[in-house]
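This briefing goes through one structure by topic. Please look over the sequence and the coordinates before reading the points below.

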Amino acid sequence: MRRLPTGGVLFVVCAAPLAWLAWGVIANSLGPDPVQVVMQGTGAWALRFLLLTLCITPLRRWSGRPAIIRHRRQLGLWMFSYATLHLALFAQAYVGWSAPLLWEELAERPYITVGFVAWALLLSLALTSSRGAQRKLRRRWLQLHRFIYPALVFACLHLWWQVRSDAGEALFYSAVALLLLGLRLYWRINERKRGRAA
Amino acid sequence: MARRLRYPAIPSSEITPESVYLRRRSLLKAGIVGASAAAASGPAWGDPDTGGEPLDYQPAKPGNPLAYTEEALTPYGDITRYCNFYEFGTGKEDPARYAHEMTVDPWSIEVGGAVARPGKLHLEDLLSRVDLEERIYRLRCVEAWSMVIPWVGFPLHALLDRFEPLGSARFVAFRTLYRREEMRGTRSFSSIIDWPYREGLRLDEARHPLTLLAVGLYGKTLPNQNGAPLRLVVPWKYGFKSIKSIVRIDLLEEQPATSWQSLAPDEYGFYANVNPEVDHPRWSQKFERRLPSSFLRPNRIPTQLFNGYAEQVASLYRDMDLTRYY
Ligand code: HEM
């Protein structure tokens, strides 16, 4: 049986939300305030891909198919792409590329500040995502890429700080995030116990 | 940065309303009433053809600062599909989708508190005794977007006077209908609003000639999602002050608690006057996106003090520190 080009299939799947948003913009079907729709869309998909990226390791452990780790990089880079579009749109449509206004937003609005911190952490991961960087950095690469955990926490904070009258969405994403983070903690504790027993 | 948007000579958005008006006028002439449409299937954005009964009213006269602006009107389909009415959900399109579940007929308004003649008024009785007029107002939402809307209504003071406010009355409190079984947003387990929705004004603000009770827009009765059958419009304040689907009005001696202010007092003040100099912790208020906005023409324009109505209303706040009383 020929193997499906899973990388290619994944590419199409990950690009679909972007294509859908782009189509909405071109067809003018996003309503009178498309900027806000795309702002929310790119933000939501950045967070979803962040959570999906963190699902790879548990899936790999439980499915008995270690090969799926190959796809983690692609998921991570899509997440960063959505986050970067999110930021670029903010700079263009909300602050009109005005540096003083952008600075004011970053300094005065905590939800923007934490969003930016999350993005900066993700940037450092995206820049070091190549195999070459992985080889060069060795152990430090693993340490660096643990930044994904604080990035996730900041992204959730970014969402919580935006809650106005309904916390449903923030609650949902935070629950998934807690599950994924909790799992890591559980593994660590278990490993430590096993280490002591040996 | 100095990107000031100019409106083209004939804004495309003005063409749609024009045709609506013309058709409405010909309908009126022909004596045909009630082109109520099945809006449930969801027309395209900007589509002017959603429901409403034609109203009889005095059109806004160009040059009248209390009723008219040269700015391009926001298309009917945008005004009726892009709404904040959390009783029906927090998504912008939720109200258009679910507000039809609200019964608006029969409707009555109860007026009480510090008035000489408290009582209940049926909507038909009220409407038979007021003269409707058109008011083309800017609406500025605290979320930093804005629209230009041709309302049809009558000044709030016309209603208040009927109930004869006592000399001790200093504030007016308003309440929206609260009917859980017809308002799915109020049934959301994660919502933290203490229903019913409440708003308030100082009595002199309520009596100001700009303060309108609207029963229609674009010459037709209000769609439910825009606050049918009767809503407040206070054009120099952020949109959340313009409370929808009003069932109760009380005149009070003390400043009433309002919904958003109770929820987040550091974010939403009682006054909520549009003011580019007083920032909201979430949104910079210096600019606004005038809808419809698009990627190519974001329509990002500077926000004006009192939403451009300073000449009419600034005297109400003469001795007040607007940063403190936001
Ligand atoms: C410099 C960085 C960032 C800025 C300036 C920023 C700004 C914003 C703004 C202004 C909104 C509100 C949009 C609106 O409703 O009008 C928003 C929403 C959101 N952002 Fe960000 N953001 C940043 C980074 C991030 C990152 C890194 C993530 C996730 C990984 C993220 C996820 C979200 C989510 C999930 C929403 C809410 C979407 C919704 O309401 O459904 N943001 N962001």
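The model is predicted. Chain A has 10 helices and zero strands, and 21 residues surround the ligand. The contact between chain A and chain B takes 21 residues from chain A and 28 residues from chain B.

**Chain A overall**

- Along the sequence, chain A reads α-α-α-α-α-α-α-α-α-α.
- The C-alpha trace of chain A spans about 60 × 45 × 35 Å along its principal axes.
- Chain A has 198 residues, of which 24% are buried.
- Taking contacts in chain A between residues at least 6 apart in sequence, 60% join residues at least 24 apart.

**Ligand shell**

- Of the 21 residues around the ligand, the closest are G43(A), A46(A), G115(A), F116(A) and A155(A).
- Two or more residues of this shell come from each of helix 2 (34–53), helix 4 (72–94), helix 6 (110–127) and helix 9 (148–160) of chain A.
- Helix 2 of chain A contributes the most to the shell, with eight residues.
- By residue class, the shell around the ligand holds 14 nonpolar, six polar and one charged.

**Contact between chain A and chain B**

- Chain A gives 21 residues to the contact, and chain B gives 28 residues.
- On the side of chain A that touches chain B, the elements giving two or more residues are helix 2, helix 5 (99–108) and helix 10 (168–197) of chain A.
- Helix 5 of chain A supplies the largest share of that side, four residues.
- The residues on the side of chain A that touches chain B comprise eight nonpolar, seven polar and six charged.

**Nonpolar cores**

- The largest nonpolar core has 69 residues, and W151(B), V172(B), L213(B), A214(B), L217(B) and L232(B) have the most contacts inside it.
- Strand 4 (residues 145–155) of chain B provides the largest share of this core, six residues.
- Leaving out residues up to four places away in sequence, A214(B) touches W151(B), V152(B), G153(B), L222(B), R231(B) and V233(B).
- Another core, of 26 residues, lies apart from the largest one and includes C14(A), L121(A), A151(A) and L152(A).

Note on methods:
Residues numbered from 1 in each chain as written. Chains lettered and ligands numbered in written order. Predicted model: local features only at pLDDT ≥ 70, side-chain atom pairs only at ≥ 80, totals over all residues. Near = placed C-beta within 6 Å. Nonpolar A, V, L, I, M, F, W, Y, C, P; charged D, E, K, R; others polar. Contact = placed C-beta atoms within 7 Å. Core = buried A, V, L, I, M, F, W, Y, C linked by C-beta atoms within 7 Å. Buried ≥ 20, exposed ≤ 12 C-beta atoms within 10 Å, placed from the backbone.
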